Amino acid sequence: MSKQSPFAREEVMEAYLDSLLKEPETPEDVTARTAKLLEQASQQIAETTLLGVEEQDSAQHKEEAIAEKVTSIIETSTLNAVEDKKRNSVAQTESQEDRLLNTEVKSKVPLKDTLGFRFQALFFEVAGLTLAVPLTTLGGIHQIEKIGPLFGKPDWFMGVMLHRESKLNVVDSAKWVMPEKYDENLAQSLNYRYLIMLGESLWGLASEKLVNTVNLTTDDVKWRESTGKRPWLAGMVKEKMCALIDVEELISMLNKGLSSNDQTP
């Protein structure tokens, strides 16, 4: 994790993520304790220094390599999925009702049960907070280009970015994930460079930095124990101290115009 991030201190990061995993005792989205930790963490920004030019170049090359690696993995997985579909289509025929039923049942399966014991995840940073997305649910990575704003959308909706023939919906990840911390100072400090695409949807999370792809096991994750608020948060990667995203739940919330702390219907 970048030493310049307001969440650089491990105990602050761990306390913040732990607070997200727990159900709040009151309707408020963040407890007073968490708010205090966030305030303390934010004060560290003034004590940091900028990376040197050579370090920035090195970090950029590393991120480009990560993006290429992830793209290769996704392309390989897609080709394998196509071949599997061709082989299975001969032996399997399902009615439309069966497919709809299977899709509904699948959407209710916890992320933990869909990944297998070992899985890979992409780690990326947003305003000092590290997030992780399983590669099996990652739709791709794009460099952020011109974003056209749209009126009548939630405040976390940055706008639409054209990519080839697609219109990609860009989410202000910092404002969506931690609205309680978002203020003018944070907004001015953000430097979004990448768009992390979610599954097969047109939704993408704006990201400042690609950290790495990591091999994980289900034992590496502190899984959420209750349902209700924040269904997008599958758990916390314990040693890395980052939030693991349930992409299907996140897409569902974005489609409904919900923010991270909103109660799902």
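The accessible surface of this chain comes to about 15500 Å², and carbon and sulfur atoms account for 49% of that area. What you have above is a predicted model, so please read every value below as computed from it. The chain has 265 residues, of which 43% are buried, and its secondary structure consists of eight helices and twelve strands. Among contacts between residues at least 6 apart in sequence, 63% join residues at least 24 apart. The notes below go through the sheet, the hairpin, the aromatic pairs and a few individual residues.

**The six-stranded sheet**

- Six strands come together in an open sheet with mixed pairing, and their order is β9-β1-β2-β12-β11-β10.
- At the edges you will find β9 (209-217) and β10, each of which pairs on one side only.
- From one strand to the next, the twist averages 30°.
- The pairing of β10 with β11 is antiparallel and runs over three bridges.
- For a landmark in this part of the sheet, look for lysine 222, which stands opposite methionine 236 in β11.

- Strand β4 (residues 147-148) pairs with β5 in the antiparallel sense, over two bridges.
- Here glycine 148 stands opposite valine 160 in β5.
- Strand β5 is also joined to strand β6 (residues 166-171), by six bridges and again with the strands running antiparallel.
- Leucine 162 has lysine 167 in β6 as its bridge partner.
- With two residues between them, β5 and β6 form a hairpin, and arginine 164 in the turn has a positive phi of about 55°.

**Aromatic pairs**

- How many aromatic pairs does a search of the whole structure find? The search gives three, and two of them are described here.
- Phenylalanine 157 and tryptophan 203 have ring centres 5.9 Å apart and planes at 90°, so this pair is edge-to-face.
- Because phenylalanine 157 lies in strand β5 (residues 157-163) and tryptophan 203 in strand β8 (residues 203-207), the pair ties together parts that are 46 residues apart in sequence.
- Both phenylalanine 157 and tryptophan 203 are buried.
- Another edge-to-face pair is made by tryptophan 176 and tryptophan 232, with 5.5 Å from centre to centre and 70° between the planes.
- Tryptophan 176 belongs to helix α6 (residues 173-177), while tryptophan 232 sits in the loop between β10 (221-223) and β11 (233-237), so this pair ties together parts 56 residues apart in sequence.
- Tryptophan 176 is buried, and tryptophan 232 is buried as well.

**Around phenylalanine 157**

- Trp156, Phe157 and Trp203 make up one aromatic cluster.
- A charged group is found here too: the charged end of lysine 153 sits over the ring of phenylalanine 157, at 5.7 Å from the ring centre.

**Serine 259**

- Serine 259 is found in the segment that comes after α8 (247-255).
- Is serine 259 buried or exposed? Its relative accessible area is 13%, so serine 259 is buried.
- Not counting residues up to four places away in sequence, serine 259 touches Trp156, Trp176, Pro179 and Met253.
- Of these, Trp156 belongs to the aromatic cluster with Phe157 and Trp203, and Trp176 pairs with tryptophan 232.

**Leucine 20**

- Leucine 20 lies in helix α1 (residues 10-21).
- With a relative accessibility of 5%, leucine 20 counts as buried.
- Which residues does leucine 20 contact, leaving aside neighbours within four places in sequence? They are Arg230 and Leu233.
- Although leucine 20 and arginine 230 are 210 residues apart along the chain, their C-alpha atoms are separated by 7.8 Å.

**Lysine 240**

- Lysine 240 has its place in the loop between β11 and β12 (242-245).
- The relative accessible area of lysine 240 is 42%, so this residue is partly exposed.
- Apart from neighbours within four places in sequence, lysine 240 is in contact with Phe123 and Val214.
- Between lysine 240 and valine 214, which are 26 residues apart along the chain, the C-alpha separation is 10.0 Å.

Technical notes
Residues numbered from 1 in each chain as written. Predicted model: local features only at pLDDT ≥ 70, side-chain atom pairs only at ≥ 80, totals over all residues. Heavy atoms only, no water. Phe/Tyr/Trp six-rings, centres within 6.5 Å; stacked < 30°, edge-to-face > 60°. Helix = DSSP H or I, 4+ residues; strand = E, 2+ residues; numbered from the N terminus. Buried < 20%, exposed > 50% of the residue type's maximum accessible area, 1.4 Å probe, protein only. Lys NZ or Arg CZ within 6 Å of the ring centre and 35° of its normal. Contact = heavy atoms within 4.5 Å. Areas by Shrake-Rupley, 256 points an atom, 1.4 Å probe, with all protein chains shown as cover. Pairing = 2+ DSSP bridges. Axes fitted to C-alpha atoms, helices over the stretch in contact; angles between N-to-C directions.
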